[in-house]
Amino acid sequence: MSALFNFQSLLLVLLLLICTCTYIRGTAPGLVDRNREGFLGMFFKCARIGERLSPYVSLACIAMAITIMVGS
């Protein structure tokens with residue numbers, strides 16, 4: 001099933017996108033910062049969400065891991 005039709009998979013993809021963008025911005029800030037507008041600006045916004053809401057994002061990642069482990 002596609003991640004668009006399964007809510008849990010959609011949340012997982014969104015969390016992975018936020019975590020990946022935040023990591024890339026931490027290691028290579030110029031790569032993410034130069035694209036602040038347009039379609040690639042989505043990655044900049046995901047990195048900002050990951051930086052500013054990092055405790056909540058990490059709790060969401062832990063909760064998602066628990067639900068995947070219990071569901072399997």
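Predicted model: local features only at pLDDT ≥ 70, side-chain atom pairs only at ≥ 80, totals over all residues.

User: Which residues of H3 are buried?
Analyst: Gly41, Phe44, Cys46, Ala47 and Gly50.

User: And what do the buried residues of H3 pack against?
Analyst: They pack against helix H1 (7–27), helix H2 (29–33) and helix H4 (54–71).

User: New topic. How many aromatic pairs does a search of the whole structure find?
Analyst: The search finds one. It joins Phe39 and Phe43, with ring centres 6.4 Å apart. Their planes meet at 80 degrees; over 60 counts as edge-to-face, so this pair is edge-to-face.

User: Is Phe39 buried or exposed?
Analyst: Phe39 is exposed, at 61% relative accessible area. Phe43 is partly exposed, at 28%.

User: Which residues does the UniProt "transmembrane region" annotation cover?
Analyst: The unreviewed UniProt entry puts it at residues 53–71. In the model, that span is 95% helix and 0% strand. Its end C-alpha atoms lie 27 Å apart.

User: Zooming out, how many helices and strands are in the protein chain?
Analyst: Four helices and zero strands. The C-alpha atoms fill a box of roughly 40 × 25 × 15 Å along the principal axes.

User: What share of the 72 residues counts as buried?
Analyst: 17% of them. The chain exposes about 5300 Å², and carbon and sulfur atoms supply 71% of that.

Terms used:
Residues numbered from 1 in each chain as written. Heavy atoms only, no water. Buried < 20%, exposed > 50% of the residue type's maximum accessible area, 1.4 Å probe, protein only. Helix = DSSP H or I, 4+ residues; strand = E, 2+ residues; numbered from the N terminus. Contact = heavy atoms within 4.5 Å. UniProt positions renumbered as here; feature names shortened; annotations may be inferred. Phe/Tyr/Trp six-rings, centres within 6.5 Å; stacked < 30°, edge-to-face > 60°. Areas by Shrake-Rupley, 256 points an atom, 1.4 Å probe, with all protein chains shown as cover.
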